[in-house]
Amino acid sequence: MQLVVARIGRAHGIKGEVTVEVRTDEPELRLGPGAVLATEPAATGPLTIETGRVHSGKLLLRFEGVRDRTGAEALRNTLLIAEVDPEEVPEDEDEFYDHQLIDLDVVLADGTGIGRITEISHLPSQDLFIVERPDGSEVMIPFVEEIVTEIDLEEQRAVITPPPGLIDESEAVVASSRDEEEEAAGEADEAPKDDA
């Protein structure tokens, strides 16, 4: 089974290094020196990692055969894909591979069905479940402990306790400065005037 483990970003320096957006919880295993990765687009690879290091909180990689900034820039936005045994599971029981989560049913704590996970979006701040609802619409659910309370792989479901408005927009509490200004203006109109 193939899994996307990173996306190549900008070139770093002039010696062929690139920044990468990591999409795996095990970068030391998947993105270490000597790792051979397939690519998307396929014509770009396969790529073999020569060196890796962290600089200012970003992972920098250099690939065999890429020696300058021009070569590094040519790799920008390429997806790096690792071959993974489908039976393999992360070491930490609270971590999951994307392929384990795709197609899970999303339900509320009371069992009410919300939809099915069709995609995992990896953002810098957190991961998001893209959930397709029965009517074909999509909802994004942050994959955080406060909202996703249980992942049950045997039952093939993710249990969530969403805050008001996440699933049903009619429950959302809207508060903006414009609303407050309109409310204050309305109160001023209603205030009694002094006719002295």
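Is glutamate 17 buried or exposed? Glutamate 17 is buried, at a relative accessible area of 8%. Here buried means under 20% relative accessible area, exposed means over 50%, and partly exposed lies in between (1.4 Å probe, protein chains only).

The model is predicted; local features need pLDDT of at least 70, side-chain atom pairs count only at pLDDT 80 or more, and totals for chains, interfaces and linings use all residues. Residues are numbered from 1 along each chain as its sequence is written, and side-chain values use heavy atoms, with hydrogens and water left out.

Side chains of opposite charge can pair when their charged atoms come close. A salt bridge was taken as a side-chain nitrogen of Lys or Arg within 4 Å of a carboxyl oxygen of Asp or Glu. Five salt bridges were counted by this rule.

One of them joins glutamate 17 to arginine 53, with the closest N and O atoms 2.9 Å apart. Glutamate 17 lies in strand β2 (residues 17-22) and arginine 53 in strand β4 (residues 47-55), so the pair ties together parts that are 36 residues apart in sequence. Strands (E, at least two residues) and helices (H or I, at least four) are DSSP runs, numbered from the N terminus. Arginine 53 is partly exposed, at 38% relative accessibility.

Glutamate 50 pairs with arginine 67 in a salt bridge; their closest N and O atoms are 2.9 Å apart. Glutamate 50 belongs to strand β4 and arginine 67 to the loop between β5 (58-63) and α2 (69-73), so the pair ties together parts that are 17 residues apart in sequence. Arginine 67 is partly exposed at 49%. Glutamate 50 is partly exposed at 27%.

A salt bridge also links arginine 76 and glutamate 73 (3.9 Å, N to O).
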